[in-house]
Amino acid sequence: MTMIELVEGDITEQQVDVVVNAANSSLLGGGGVDGAIHRRGGPEILTECRALRAGHYGKGLKTGEAVATTAGRLPARWVVHTVGPVWSDSEDRSALLAACHRNSLHVAADLGAHTVAFPAISTGIYRWPVESAAEIALETVLNTLSAGSCSVELVRFVLFGPAAYDVFREQADALGLSG
Ligand code: ADP
């Protein structure tokens, strides 16, 4: 049985197995939720990100991909870093935003995680309209979890502020999600 939950809050405070980070392709930190995770999680996360860059991810993490590190001092076990697409008026990049959510869940499942917290990927510095991002995020998580055996039992969307929460709530209601 899998649950999708919406809360308003700060993702760095979530006691979950996996916190998903809306990273950038450098994996070396940035603003928004990325900055908050590295600040609160401490230097251990960045050390592991640097090791990833020195190894398999020499050119960085591609948009839509996901990779895990430790969670440092966060009250979580792992951070799964994923790179959301930048919003475009001229090009439909929805498949990439869906891929972020799907691949993050696959990485979490490979780790054996039961609980996963997502921020509203791409809706900050990357300017994706929250309504559209919420629809893609919720649908993709729902589809991925119902597609097959997966260790993940709880997905919590942690929305930063009441406006984003309300939009996610509306989209969840439209999809018939009650949590
Ligand atoms: P992106 O570059 O993918 O747009 P951002 O970090 O700029 O990523 O923003 C993604 C979302 O995360 C935005 O809705 C922003 O308000 C939100 N956010 C920023 N800090 C936090 C936090 N500490 N916890 C949860 N969400 C956050």
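Trainee: Which residue does A23 stand opposite in β4?

Mentor: A23 stands opposite V83. The model is predicted: local features need pLDDT of at least 70, side-chain atom pairs count only at pLDDT 80 or more, and totals for chains, interfaces and linings use all residues. Residues are numbered from 1 along each chain as its sequence is written.

Trainee: What makes β2 and β4 a pair?

Mentor: Strand β2 (residues 16-23) and strand β4 (residues 76-83) are joined by seven bridges, in the parallel sense. The elements themselves are DSSP runs, numbered from the N terminus: helices are H or I with at least four residues, strands E with at least two.

Trainee: What makes β1 and β3 edge strands?

Mentor: The open sheet has six strands in the order β1-β6-β5-β2-β4-β3, with mixed pairing. β1 (3-8) and β3 (66-70) each pair on one side only. From one strand to the next the twist averages 25 degrees.

Trainee: Why are α4 and α5 called oblique to each other?

Mentor: The axes of α4 (residues 130-147) and α5 (residues 162-174) come within 9 Å and cross at roughly 50 degrees. Under 35 degrees counts as roughly parallel, over 145 as roughly antiparallel, 65 to 115 as roughly perpendicular, and the rest as oblique. The crossing falls in the rest, and the two helices are therefore oblique.

Trainee: Which hand does the crossing of α4 and α5 have, and which residues meet there?

Mentor: V130, E131, A134, E135 and L138 of α4 meet A164, V167, F168, Q171 and A172 of α5. Seven of these residues are nonpolar, one is polar and two are charged. Ala, Val, Leu, Ile, Met, Phe, Trp, Tyr, Cys and Pro count as nonpolar, Asp, Glu, Lys and Arg as charged, and the others, Gly among them, as polar.

Trainee: What makes α3 oblique to α4?

Mentor: The axes of α3 (residues 94-111) and α4 come within 9 Å and cross at roughly 40 degrees, and that angle makes α3 oblique to α4. α3 passes α4 in a right-handed crossing. S94, L97, A98, H101, R102 and L105 in α3 meet A133, I136, A137, T140, V141 and T144 in α4. That contact has seven nonpolar residues, four polar and one charged.

Trainee: How many residues surround the ligand, and what makes a residue count as near?

Mentor: A residue is near if its C-beta atom, placed from the backbone, lies within 6 Å of the molecule. There are 20 residues around the ligand, the closest being A22, G32, G124, Y126 and F160. Helix α1 (residues 32-41) supplies the largest share of the shell, four residues. The shell divides into 12 nonpolar, six polar and two charged residues.

Notes: Axes fitted to C-alpha atoms, helices over the stretch in contact; angles between N-to-C directions. Contact = placed C-beta atoms within 7 Å. Pairing = 2+ DSSP bridges. Left-handed = near helix turned anticlockwise from the far one by under 90°.
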